[in-house]
Amino acid sequence: MKQVVQNYKSGELALLDVPVPGCKPGGVLVRTAYSLISTGTELMKVSEAGMSMLGKARSRPDQVAKVVQSVAVNGVPATYRKVMGKLDSWTPLGYSLCGVVEQVGAGIDDVKVGDLVACAGNEHALHAELNWVPKNLYAPVPDGLAPQHAAFGTVGSIALQGVRRGESQLGDVALVIGLGLIGQLVVQLLAASGVRVVGADPDPVRCELAERLGAAACGDPGSPAVEQAVAELTGGLGVDQVYLAAGGGSNQPVELAARLSRDRGRVIDIGKCRLDLPWNAYYEKELDVRFSRSYGPGRYDPEYELEGRDYPVGYVRWTERRNLACFLDLAARGRLDVEPLVSHTADFDDAVETYRSLEGGGLKAVAVLFRYPGRTVETWAPEVTVPSVRRGGSMSAPVRDAGTPVRLAFVGAGNYATSMLLPHLAGRDGVELSTVVTTTSLSAANAQRKFGFAGATTDLDAVLGDPSVDAVFVVTRHSSHAGLVGKALLAGKAVFVEKPLALTEDELAGVLAAVEESGNDRLQVGFNRRFAPLLREAQERFGPRTGPGHVRCLVNAGRLGHGSWYLQQDTEGSRFVGEGGHFIDTASRLLGADPVSVYALTTPGGEDLQVVLRYPDGSTATISYVTTGPAGFPKETLDLVADGRALRLDDFVRASVYDGRKRWVSSRLPKARDKGQSAQLAAFVRAVRTGGPMPVPLESLVATTAATLAVRAGLAAGAPVTLAGAR
């Protein structure tokens with residue numbers, strides 16, 4: 001593999017071929033997609049390497065002190081050999097990147113191969129094609145965050161830790177001195193926290209950028225503009241905090257900090273600038289000077305960084321790993337924007353030339369990214385496997401006499417079950433509501449009273465063991481669906497599960513393992529829209545097609561109410577995982593096939609989704625799932641175009657079909673939207689009664705579920721996802 005290195009003695013930079021690091025226990029091997037050049041820290045190191053030996057000594061007095069001590073202990077010859085040997089060696093560059101997990105070491109269970117992670121550390125997040133990264137120095141990248149933006153994770157953590165050290169409060173006024181990469185991020189983080197920010201930097205371009213990103217005012221630190229802005233915002237009292245994000249040998253930043261701070265204000269040093277504190281100025285105001293140590297607690301502690309020993313959250317709330325995850329989350333939710341900071345993206349093969357251009361001033365930049373060749377996020381084709389259905393020893397489905405009712409049990413009796421399913425089943429000929437199972441006694445009793453269940457219980461095993469129960473409806477929280485379906489299949493029951501069938505690939509595999517073990521494939525997922533009478537009539541009017549078709553579906557989902565359990569994404573999955581199967585299944589029904597690839601895009605805050613599906617014959621489907629639309633606009637509109645014809649469905653109340661000669665429009669508007677629940681339930685009950693095929697083949701249910709799960713993988717990778725094994 002290739003890695004950027006530098007010889008500190010000669011200053012030479014090189015893109016060197018080096019061995020691939022091993023994947024040790026306690027960490028992961030990561031293939032880099034993007035790495036970030038720190039235009040402050042790294043360029044300072046590159047510049048120092050080009051100095052004379054005297055210049056190096058002047059720039060690093062701390063190292064000179066170590067040399068003097070070594071001379072006293074080991075003598076001049078031994079010390080000279082040691083120092084020259086260290087200087088005349090290749091040293092790495094880089095400490096902030098985003099990449100894909102290639103291999104998982106022993107003891108790691110929070111990520112898997114193929115996951116996108118952001119990595120930190122000047123020994124583990126290097127400008128190299130592959131890096132081994134210990135557990136506490138990486139964090140999974142949230143859905144919707146582009147990998148090039150996740151590569152800012154480390155510098156974002158540095159800025160975030162500095163802001164934490166400032167202990168800012170709502171309504172504070174802060175001064176940020178130095179508007180380079182770290183300073184720009186500090187400005188955004190403070191602004192997002194409700195702090196009014198004044199920036200100071202001699203570069204007018206950086207001042208203008210900081211104002212665009214949230215600063216109230218910015219200017220040259222030597223001009224009166226900064227002091228005027230502080231006076232206006234604070235009523236002449238001075239700022240609550242000053243964040244030193246500048247570098248260099250000037251003492252101007254600390255002098256300006258003293259002049260513009262309020263009495264007992266705080267001065268936080270994040271960068272590496274000269275700190276000759278003017279004693280009188282700092283003493284008279286009793287200023288609190290604080291240092292911010294890199295990414296946060298855990299930095300420079302080998303037990304934390306290398307051995308993976310975390311600090312208890314009750315004692316250390318924000319460690320460097322938790323800071324990294326927090327920054328990624330803020331970026332994914334659009335609370336800060338790193339895209340305007342990217343001045344240049346260079347191919348990794350051009351790394352040496354890029355450093356030289358930065359050092360020489362030919363390339364002026366706030367942030368520069370390296371884009372890696374080969375299997376990077378752009379060219380790497382992530383996959384989600386569509387598992388094959390193996391039925392094992394097939395279980396025969398019993399056939400019931402016409403006079404024998406189909407006995408149904410419900411697991412769960414929440415809002416959807418009681419409003420959209422049970423009203424279509426209660427009182428239906430040939431159906432008996434046998435038992436309702438809930439986790440609380442009162443909800444079971446309410447469902448029994450309202451819908452006429454013969455029994456109510458909280459004991460699921462008793463229901464699954466009851467041979468008189470023909471079918472089980474699983475209408476519970478999303479996180480429980482796959483497990484309950486597996487148990488019911490193994491118990492020999494026909495199963496109707498509300499979408500989604502599973503939240504992860506492992507859960508989907510678990511359901512299919514139950515099918516194979518039991519031979520029971522009597523399963524239906526609540527994809528009701530394909531059964532909607534208006535859609536079926538419109539498709540019949542549209543007729544068969546010969547060429548590729550194109551489906552467009554706009555879902556005006558609306559915003560979630562406060563407290564909705566859809567917001568519990570860590571346990572219940574994303575909103576699209578819960579609802580998206582509806583629209584994928586509908587598109588697949590219209591196109592007569594299952595998708596073979598998925599490409600997903602999202603807005604910066606992750607609120608709106610655009611999902612593009614590709615089908616075997618070249619057909620496509622585009623699903624626009626938006627939460628930012630107006631409340632009065634129809635929730636769902638759908639179009640199918642093929643062979644010179646078009647079908648349109650308006651929110652299940654009106655349908656039309658167009659061709660070159662005639663147009664058909666549905667003759668009447670239904671009194672209520674019929675999205676197919678009643679027809680779907682009738683088809684399921686009929687299949688259970690007759691022992692005939694389930695309404696939708698299991699292979700199609702699995703393919704739709706896999707495609708829904710692929711949306712998350714596609715958002716993480718920023719690339720199309722191949723549905724491996726799709727028919």
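Guide: Axes here are lines fitted to C-alpha atoms, for helices over the stretch in contact, and angles run from 0 to 180 degrees between N-to-C directions. Helices (H or I, at least four residues) and strands (E, at least two) are DSSP runs, numbered from the N terminus. Residues are numbered from 1 along each chain as its sequence is written, and side-chain values use heavy atoms, with hydrogens and water left out. The model is predicted: local features need pLDDT of at least 70, side-chain atom pairs count only at pLDDT 80 or more, and totals for chains, interfaces and linings use all residues.

The pair to look at is α6 (residues 153-166) and α7 (residues 181-192), whose axes lie 9 Å apart at an angle of about 55°. That angle makes α6 oblique to α7 (under 35 degrees is roughly parallel, over 145 roughly antiparallel, 65 to 115 roughly perpendicular, and the rest oblique). The α6 and α7 crossing is right-handed, meaning that the near helix is turned clockwise from the far one by less than a right angle.

On the α6 side, the contact (heavy atoms within 4.5 Å) uses V155, G156, I158, A159, L160 and V163. Facing them from α7 are L181, I182, L185, V186, L189 and L190. By class, the α6 and α7 contact holds eleven nonpolar residues, one polar and no charged. Ala, Val, Leu, Ile, Met, Phe, Trp, Tyr, Cys and Pro count as nonpolar, Asp, Glu, Lys and Arg as charged, and the others, Gly among them, as polar.

A second pair is α18 (residues 481-490) with α19 (residues 505-518): their axes come within 9 Å and cross at roughly 0°. This makes α18 roughly parallel to α19. From α18 the contact takes A482, V485, G486, L489 and L490, and from α19 E507, V511, A514, V515, E517 and S518. The α18 and α19 contact has seven nonpolar, two polar and two charged residues.

As for confidence, pLDDT is the predictor's confidence in each residue, from 0 to 100. The protein has a mean pLDDT of 88, with 87% of its residues at 70 or more. Residues 375-380 have pLDDT below 50, and this stretch has 18 contacts in the model beyond near neighbours in sequence. Where pLDDT is low, predicted coordinates should not be read in detail.
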